[in-house]
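This report goes through side-chain interactions and packing in one protein chain. Please keep the structure below at hand while reading.

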Amino acid sequence: MKKDIKNLTLRELEGFFASLNEKKYRAKEVFNAIYKERKESFLTITTLSKELRETLDNIFYITIFKEISRKTSKDDATKFVFELSDKRLIESVLIKNTNKIGRTWFTACLSTQVGCPLGCQFCATGKMGIIRNLETGEIVEQFLRLERENPISNIVFMGLGEPLLNYENVKKAIQILTDENGRNLGKRHITISTSGITPMIYKLADEIQSVKLAVSLHSAIQIKRDSLMPGLKNYPLNKLKEALVYYNKKTGNTVTLEYLLIDGINDSRSDAEALVKFSRDLRFVKVNLIHYNEIPINNFKPSSKEIEFQKFLLTNGLRATLRLSKGTDVSAACGQLATNSKENIQFKI
Ligand code: SAH
Ligand code: SF4
């Protein structure tokens, strides 16, 4: 059976050419053709001999997703639904950012799994359950497809799924997209968002040091977190804290703690106090308070105390920002991503 060439890192491709008794630099030529020139057929890679092009074409294919739909929100987030080769659907979002002085740049929000096994109560993806992990090439292809629209400088792994439960493929996709012989994206411009799979945070610290880390905390009170994020019960807050200390020591990176503010659920004074207690001795964290986007599977509402909550954190010495999520009017915002292949629940938002 043919294989997707976008599953291969440069080193793996070099190994493949070596096995054919071909020169290693052929791999760089292929990387250049696919990731810089954006060739979509081996037969058009004219730096290779006709024979070699045909060999590649017999062994590999180049994944090209079918676009099912796209919708752009009023605030410039475009949600794409792509169909995978097994007919599963995933979503990827292209976000246009503009800073105070009018500079604009684009961020790709990528999926890492079809669904997610962790079942967080506030998250549409969590309600889908897990169907399967995405392959490396399927992660890479999302980026390339979004970049057909605009040059992209940043990636956030905040789409469908838990990136650290598909660690090897996420790692390879990062290696491919940051390879200087290909797309050469800056590693510092990539953020992995995890719900807190602690053993994998250690691995990340040891292996992919330059990407940024965001941790979805949402409550610093253990029983509350267990109820909001039932899939994380095996990774308690004290162990998460130890993992973050290790991560910071090893990488020197700061860590963002993401905290959704849900009305009457995790936005009280004692919730804020618990968050201060959790974060106070972690001098390398900053808290990102996230506006809750409503989804039709629970009765959660956005908190009415966003500013008050932020003020409490600031006066208690934490760094805390308030993020207004983009794309809510097309369900492209975080936590609203869910696909609707036949087996999945359909969300009419
Ligand atoms: N599984 C990873 C990455 C995907 S979720 C994680 O949990 O971090 C990306 C972000 O969207 C997380 O911070 C998540 O908590 C947030 N999110 C989930 N549901 C949301 C909702 N309804 N409104 C706003 N953000 C939400
Ligand atoms: Fe999975 Fe993240 Fe959604 Fe939780 S918030 S269900 S970990 S995608």
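## Salt bridges

With a salt bridge taken as a side-chain nitrogen of Lys or Arg within 4 Å of a carboxyl oxygen of Asp or Glu, the count comes to 25 salt bridges. This is a predicted model, in which local features need pLDDT of at least 70 and side-chain atom pairs count only at pLDDT 80 or more, whereas totals for chains, interfaces and linings use all residues. Side-chain values use heavy atoms, with hydrogens and water left out, residues are numbered from 1 along each chain as its sequence is written, and chains are lettered from A and ligands numbered from 1 in the order in which they are written.

Helices (H or I, at least four residues) and strands (E, at least two) are DSSP runs numbered from the N terminus. In helix H2 (residues 25-36), Glu29 and Arg26 are 3 residues apart and therefore separated by about one helical turn; their salt bridge has its closest N and O atoms 2.8 Å apart. Burial is read from relative accessible area (buried under 20%, exposed over 50%, partly exposed in between, with a 1.4 Å probe and protein chains only), and Arg26, at 17% relative accessibility, counts as buried. Helix H3 (residues 50-59) holds Glu54 and Lys50, which are 4 residues apart and likewise separated by about one helical turn, and their side chains meet in a salt bridge at 3.2 Å, N to O. Here Glu54 is partly exposed at 37% relative accessibility, while Lys50 is exposed at 57%.

A further salt bridge, at 3.5 Å from N to O, joins the side chains of Glu91 and Lys79. This pair links distant parts of the chain, with Glu91 in strand S5 (residues 89-98) and Lys79 in strand S4 (residues 77-83), 12 residues apart. Glu91 counts as buried at 3% relative accessibility, and Lys79 is buried at 12%. Elsewhere, salt bridges that share partners join Glu168, Lys171, Lys203 and Glu207 into one network.

## Aromatic pairs

Rings of Phe, Tyr and Trp (its six-membered ring) pair if their centres lie within 6.5 Å, and planes under 30 degrees apart count as stacked, over 60 as edge-to-face and the rest as tilted; the structure holds 8 aromatic pairs. Phe16 and Phe60 form an edge-to-face pair, because their ring centres are 5.0 Å apart and their planes stand at 75 degrees. Phe16 lies in helix H1 (residues 10-19) and Phe60 in strand S2, 44 residues apart, so that the pair links distant parts of the chain. Phe16 is buried at 14% relative accessibility, as is Phe60 at 2%, and ring pairs link Phe16, Phe17 and Phe60 into a cluster.

## The loop residue Ile62

Ile62 lies in the loop between strand S2 (60-61) and strand S3 (66-72), and is buried with a relative accessible area of 11%. Leaving aside neighbours within four places in sequence, Ile62 is in contact (heavy atoms within 4.5 Å) with residues including Asp4, Ile34 and Phe42.

## Helix H9

The 12 residues of helix H9 (residues 269-280) should span 16 Å at 1.5 Å a residue, which agrees with end C-alpha atoms 16 Å apart; the expected span is 1.5 Å times one less than the number of residues. Among the buried residues of H9 are Asp271, Leu275 and Phe278, and the buried residues of H9 pack against helix H7 (222-228), helix H8 (237-251), strand S12 (255-261), strand S13 (285-291) and helix H10 (306-315).
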